[in-house]
Amino acid sequence: MVAIFAFGAAALLLFSFAIGPDSSALRQHAAGFLWLGLLLASTLSLAESFEREMEEQALEGLLLLPASTRALYYGKALANWAQLALLGMALVPVMVVLYDAGTLRLLSLLAVILIGTAGLSAPGTLYAAMTSQTRARQTLLPLLLFPLVVPVLLAAVKATSLVILGDPMEQFRSWITLLGAFAVIHWSLGGLFFGRVVED
């Protein structure tokens, strides 16, 4: 977890170099860079979520237990969600320091992080299971995951930007609702398809 946080923080630092010393531009792009850093770091976390099962061939044993594959999926997805949410909350202070992007709407920001990471962890867990048996899983997972989570990323960036920069037209509720809808869809489809992914 520490290594993954360090990777995410390093990504935020590199993104700040791309903008330069313009404080207003840094603040304007802070939300997008936060979620890009979190997305890049999440691939490391998700790729490792099935590593122990594959090393010790424990996945076959789990499938033989008198429990549904859906329960196995949701257990893994909840663990990944918790880890990604903690990572997102840990990266917020880094964003505040690097981009001068502080806000007093902490509960709204927490809600965006929780719902946004839920939208990332559900498909991420499914594709991590799908690529866990391949040799190039560290490369294949981002290639499969990134196109799928673009709507989640866009909604999360917009909602976070409204929290940081202000919401004069009261659009936050619409974006957070859209983000929640994506999360619900991904969690439902993940539980539905996980059995076929691990049994094939």
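Trainee: What percentage of the 200 residues in the chain is buried?

Mentor: The model is predicted, so to speak of local features requires pLDDT of at least 70 and side-chain atom pairs count only at pLDDT 80 or more, while totals for chains, interfaces and linings use all residues. Residues are numbered from 1 along each chain as its sequence is written, and side-chain values use heavy atoms, with hydrogens and water left out. A residue is buried under 20% relative accessible area, exposed over 50% and partly exposed in between, with a 1.4 Å probe and protein chains only. By that criterion, the buried share of the 200 residues is 46%.

Trainee: How many helices does the secondary structure of the chain contain?

Mentor: Helices (H or I, at least four residues) and strands (E, at least two) are taken as DSSP runs and numbered from the N terminus. Along the sequence the pattern is α-α-α-α-α-α-α-α-α. With zero strands, the helix count is nine.

Trainee: How many of the 26 residues of H6 are buried?

Mentor: The expected span of a helix is 1.5 Å times one less than its number of residues. H6 reaches 36 Å from first C-alpha to last, close to the expected 38 Å. The helix is largely enclosed by the rest of the structure, because its buried residues number 19.

Trainee: Which residue has a side chain joined to that of Thr125 by a polar contact of 2.8 Å?

Mentor: Thr125 belongs to helix H6 (residues 106-131) and counts as buried, at 0% relative accessibility. Setting aside neighbours within four places in sequence, its contacts (heavy atoms within 4.5 Å) include Leu46, Phe50 and Tyr73. A polar contact is a pair of N or O atoms within 3.5 Å; within protein, one must be able to donate a hydrogen and the other to accept it, and residues adjacent in sequence count only if both atoms are side-chain atoms. The side-chain partner of Thr125 at 2.8 Å is Asn80.

Trainee: How far apart in sequence are the parts tied together by the pair of Phe15 and Phe33?

Mentor: Rings of Phe, Tyr and Trp (its six-membered ring) pair if their centres lie within 6.5 Å; planes under 30 degrees apart count as stacked, over 60 as edge-to-face and the rest as tilted. The structure holds five aromatic pairs, including the stacked pair of Phe15 and Phe33, at 5.1 Å centre to centre and 25 degrees between the planes. Phe15 lies in helix H1 and Phe33 in helix H2, so the separation of the parts they tie together is 18 residues.

Trainee: What type of pair do the rings of Trp81 and Trp187 form?

Mentor: Trp81 lies in helix H5 and Trp187 in helix H9, so the pair ties together parts that are 106 residues apart in sequence. Trp81 is partly exposed at 27% relative accessibility, whereas Trp187 is buried at 13%. The ring centres are 5.7 Å apart and the planes stand at 65 degrees, so the pair is edge-to-face.

Trainee: Is His186 buried or exposed?

Mentor: His186 is placed in helix H9. Not counting residues up to four places away in sequence, it touches Tyr73, Gly119, Ala122, Pro123, Leu148 and Val152. With a relative accessible area of 11%, His186 is buried.

Trainee: Where does Glu170, with its positive phi of about 55 degrees, lie?

Mentor: Most residues other than glycine have a negative phi. Glu170 is not a glycine, yet its phi is positive. At 67% relative accessibility, Glu170 counts as exposed. Its place is the loop between H8 and H9.
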